[in-house]
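Please keep the sequence and the view at hand while reading.

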Amino acid sequence: CPRRRRAPCRRHSTSKQRYASKATMATPAATFRAKTNFMKSWKPRSPPSNRDRLELYALHKQSVSGDAPSKDPPDASVADKAKIAAWRNKRGMSQADAMQRYVEECDRQIRVYGSRDAGASSPASVNGINGGGGGATPMEAGGTSKEGSASQTTPMYNNTTPQNTPANADYNEDGVLLCPRGLAAIPLLCAAASESRSAYLSRLAVTPPTNGWWSKQEPLCLEMNNPLSIPEKLIIGLAVQVENISLLVGNLMGEGHAVSAISPRVAQAFLWPVHNIFLSIWILWILTCTYLGSVVMMSQTLLFGAKRTNTPLGRLFLEEINPSARAVESLCEQHQTIGVRLTGLSLMPLMMLCDLANSVVARVGILVGSVVFVSMGFFTWWYWICVLPWLAMCAISVAVMSGWCFGLIELSSS
């Protein structure tokens, strides 16, 4: 007689089903670890904005360490305070939700900024941000730490925590930025200003009207909700309008459009000098705002003491005054464009004041050097408040007048 088939053991079938379900369904922590490992090697096609870098940093810290401390450390630098402020905005979010939000934010930035790796997913055809003209380096915001214990004992700043600052910045041994993010972005803005007219026109030809370079920019010197950031917002806003006009004429002029007799490159070439001048004015504002902020902060430290302001005099020289002098000197180098070099020339008094204060510090002491720096800042207020804005308006007028020449050149060649 035929043998009876033995029914499968329910214990073994149930265990197999559980094993299969565990293999096919990853836990949020495992997904979070896999995403952080991927972001360590991710190389974006264009540099992410500082706001996006801060968002990744805050979500990662909330996932690993929970809520941020209510007070800043007494020795926190300007960059550290920006990171803590972004982390503190996630207060109350559970660590599981923060892990999920981190994974979603990573996927969004990969789609937006693309990737230079052949195996990465969803490269996007967007233009560079906060630096625009060169290739992007590995994103500092991608570095993460292993997910171990999610406790408050996790170090607040370390090499494995995502950074919020642009590439090519000055870091110390712990990976903390040694200068404000505005100063760190100046080399990238200089690279964007070196974009040639042909490269500018070619970029506009493949850029959708809703994906302009300037529309992705954000204030670098102060927080978005700070009233003192209005001048920087105005600079970016005017540049956005100029770029929108340049992108709009691409849909209105040329063959098959309303104005078919004239190529859109003519109008775009007319606006190319204005685009470059706004980059130079932005650099001018960053350095001026950093200098005036240093004067105000140093005067407060001299009056109330470093313990009350949490800003030692030596750190101001290290993180703001010395980097400002080096930045002005770099603007005057021969490889820079004429607009950037003229910006550096107008900021030569800033470099001279910083060098004078440093020489006094070296000979007499940091207290006397700080007094000299603050005094010279108050004595020269008229130059920063009156002369430099007037020079910026003159530069815009010259850019508009020279734009006619580039427009005629493009018209004759089309």
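Glu55 counts as partly exposed, at 22% relative accessibility. In this predicted model, its side chain meets that of Arg101 in a salt bridge, at 3.7 Å from N to O. Glu55 belongs to helix α3 (residues 50-65) and Arg101 to helix α5, so the pair ties together parts that lie 46 residues apart in sequence. Arg101 is itself partly exposed, with a relative accessible area of 35%.

Helix α5 (residues 95-113) also holds Asp107, whose partner Lys35 lies in helix α2 (residues 28-41), 72 residues apart. The side chains of Lys35 and Asp107 form a salt bridge of 2.6 Å, N to O. Lys35 counts as buried at 16% relative accessibility, whereas Asp107 is partly exposed at 27%.

A further salt bridge joins Arg197 and Glu410, with 2.7 Å between the closest N and O atoms. This pair links distant parts of the chain, as Arg197 is in helix α8 (residues 197-205) and Glu410 in helix α16 (residues 381-413), 213 residues apart. Arg197 counts as partly exposed, at 22% relative accessibility, and Glu410 as buried, at 8%. Salt bridges with shared partners also connect Glu55, Lys90 and Arg101 into one network.

How many salt bridges does a search of the whole structure find? The search finds 8. A search for disulfides, in contrast, finds 0. Among the cysteines, Cys106 is buried, with a relative accessible area of 0%, and Cys354 is buried at 1% relative accessibility.

Note on methods
Residues numbered from 1 in each chain as written. Predicted model: local features only at pLDDT ≥ 70, side-chain atom pairs only at ≥ 80, totals over all residues. Heavy atoms only, no water. Disulfide = S-S within 2.5 Å. Buried < 20%, exposed > 50% of the residue type's maximum accessible area, 1.4 Å probe, protein only. Salt bridge = Lys/Arg side-chain N within 4 Å of Asp/Glu carboxyl O. Helix = DSSP H or I, 4+ residues; strand = E, 2+ residues; numbered from the N terminus.
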